[in-house]
Amino acid sequence: MPQPREPAQPPSTCIVPPRSVPLSTTCELCHNRKPYLRRPKTGQKICQPCFFHVFETEIHNTITSRKLFYRGERVALGASGGKDSTVLAYVLKVLNERYDYGVEFVLLSIDEGIKGYRDDSLETVKRNKQQYDMALEIVSYKELYDDWSMDDIVAQIGNRNNCTYCGVFRRQALDRGAQKLGIKHVVTGHNADDMAETVLMNLLRGDTARLDRCTAIITQSADSPVKRSKPLKYAYEKEIVLYAHYKKLDYFSTECIYSPEAFRGTARALIKNLETVRPSAIIDIIRSGETFALERKSGGARLKELKLRTCERCGYISSNRICKACVLLEGLNAGRAAVQVNGAEDEPAEGLALHKRLEHLSF
Amino acid sequence: MTLEPGTPCRRCKQNAAIYISRKEPFCKECFVRFLRGKQRKQMADYKVCYDPATSSPQIPPRILLALSLSESSLSLFEMLVSLLHEQRKMHRGNSGFELFAVHVDQSEVYPYPTGVDPKSVLESMRQAYNETCTTVCTPVGDFFADTRSLRHFQHDVSDIADYSFVKDLTLDGTVTVSDVLSNIRDRTSKLDILQTIRESLVLEAAKKLQCTSIVWGDTMSRLAEKTLSLTAKGRGSVIPYILSDGFRNGIYNLYPLREVLRAEAEEYVRMLNISQYVTKPSIKPPNVLRMMTIDDLLGNYFADVEKGFPSIVSTVVRTAAKLTDQVAYASDNCAICGLPCDDTSPERWLQDITVNQSAPSHDAHDEQDKVAPSKDEEKSVICYGCLVATKGVTFPWISTMRYSKEETLDEYELH
């Protein structure tokens, strides 16, 4: 398929504009082809083949130097249909074939039940399944958590804190999905920008429980039977966007309609500015994060104490008697029961509106 | 929160409050005592000590104040002087420490506002506080007067980096600090190197004056900014080493204003009418985002976020204090910043994740793959932060492969 005739600058705002007069005539890496883009990570003006090469090789280096996979391993790929997980699926397929990792990848999607967001992105994942010839497993909140979808949860608890529910539920859902497939390793599409953002957020919030571990490429905790890893840990978000664009990957680009907290937004804006001032800032932050260490008071003892047990309700591995998802679910169910008793047949919203109207009546 | 006229001070309940800090209305006396208390708590060890055997006072240790003449270092100066006065009054002329203050004169690189001369400011301070303190003014150019300082900048790392400015230094002995700085295009790196130079001059002064401690005027606000800016510059590993109180190069470093906010230090200077001594070189942060330094950005960030999340500054400082010092026992020091460095080849980490090779051409397969850089045993160690800082936008070794037309034009074309 011929390359479309596009201007050297792709139509996104993400390319750093040249500092001085950009007149170099050849790619800074191969010194042969015409440069096609300015690389966000380094500012180098390079051609498309060199961009693909460095982007893929860096991910390959990350995988091999950290020994992420072993031959014959079956790995689930957390696929949302967004750019990160789509690029991850594509690149892993390419690398698996090119370097013969001998790994079998399976797409694993979570259906949170968010209309206008997840239903559309899941269609993308279904196409990816065909395109990349990978098996696909979809796990939904509704089937796992007493018929609760994210839309139902937001309708009940409002727009605040709903990320807490979604986070806890998704974590467990991914594990359950992986277990269903008999898989012990899930890779996710977290990119370098996400990592840097997390490092700064943990510093700003004083989250010492996570600060030194948040940059680990493989995370494995006592309360999860499945290990997680992030092969795109060092890949810039902008490069992922460019890669997906030039490779014409089929992905779904909409942010979750229940947008994240304001504070995270400030950290994101800060990173954006830092990157403008010094493009390497993102990996510099990750580098810093990797060197952070905290004294853990009798960490070993605590781990031993944390005997692996299972949740009394759902049987999922938990450090407490009842797992976090079940605790949240209990709160939700209590709320639903109350509404059913009080509201009888009425729609609760309508009842509330009527009540408000009555309050304002005067005689 | 605004101060209503007639509100009494919450501490003494007598005087009218003139300033609100941390939601509490203060009168002048109580505010001054409040801030001095914060400083004294951090310096509780500098009391007048008596020899138990002879009950004669012990020889007080010498401490050096790094006096940048900003509001914060100036307020710390005033607090130390007042502490000395009080100690002498209480202990018949004896004191718990001897105070020296050093100011690094940067007029060679960044001019002070017209009509301001740090030497005359220091002179007028000396006259006002003559009995309590010895002030020293060191021109920034002194960095290269001492050949030992030069060693920091002498190393041969041609295999990884473009340290042309470093090589220039070895040509003759007449290189100046402004020569070095003018070779660095990136503003963040430039001010970074300047800070390294300033700090090493303060350290030299401490050694020369036989001081056993250095006190720094950084406020809590500044420490929070530094924590984030060190993180953003890839220097996270030295945060505990630099920002906590402790020994560095055999001298005890401490931050007595670590519980004082910048706005409070500024108010302190205003209240005590010592703002005439505030002398800052005119390094104006530019309005264009691209030209800002990482520190400018973080200064702005905290100024913005503090409004919505007031506890953020103290949270960051407390979190930084919990980090453990991983580099304290490192055997190597970075050849540029001089800080301990436990990873002797950070460029390896970078090379893995920032590949600098072209796509394989059709005729030469795998030829370029896995060419491990030959390791020179004698190579100086450069820490990751300096590796990034000395090249700024692009990674250091990139330009050593081949000069682009752009770089050549930049270097040789007359503007």
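Select residues 154–172 of chain B. Here pLDDT, the predictor's confidence in each residue on a scale from 0 to 100, stays under 50. The model still has 34 contacts for this stretch beyond four places in sequence; two residues are in contact if their C-beta atoms, placed from the backbone, lie within 7 Å. Next, pick residues 392–403 of chain B, where the pLDDT is below 50. This stretch has 33 contacts in the model beyond near neighbours in sequence. Where pLDDT is low, the predicted coordinates should not be read in detail.

This is a predicted model, in which local features need pLDDT of at least 70 and side-chain atom pairs count only at pLDDT 80 or more, while totals for chains, interfaces and linings use all residues. Residues are numbered from 1 along each chain as its sequence is written, and chains are lettered from A and ligands numbered from 1 in the order in which they are written.

Now color chain B by pLDDT. Its mean is 81, and 81% of its residues reach 70 or more. Helices (H or I, at least four residues) and strands (E, at least two) are DSSP runs, numbered from the N terminus. The model scores ipTM 0.84 and pTM 0.84.

Stay in chain B and center on Glu259(B). Look in the loop between β8 (251–254) and α10 (262–271). Glu259(B) counts as partly exposed because it has 18 C-beta neighbours inside 10 Å; 20 or more would be buried, 12 or fewer exposed, with C-beta atoms placed from the backbone. Leaving aside neighbours within four places in sequence, Glu259(B) is in contact with Lys38(B) and Met220(B).

Move to chain A and show helices α1 (residues 48–65) and α2 (residues 83–98). They pack at about 75°, with axes 10 Å apart. Axes are lines fitted to C-alpha atoms, for helices over the stretch in contact, and angles run from 0 to 180 degrees between N-to-C directions. So α1(A) is roughly perpendicular to α2(A), a term for angles of 65 to 115 degrees. Display Glu56(A), Ile59(A) and His60(A) in α1(A); they meet Val91(A), Val94(A) and Leu95(A) in α2(A).

Finish between the chains. Here 51 residues of chain A are in contact with 47 residues of chain B. On the side of chain A that touches chain B, α1(A) gives the most, with 10 residues.

Terms used. Angles under 35 degrees count as roughly parallel, over 145 as roughly antiparallel, 65 to 115 as roughly perpendicular and the rest as oblique.
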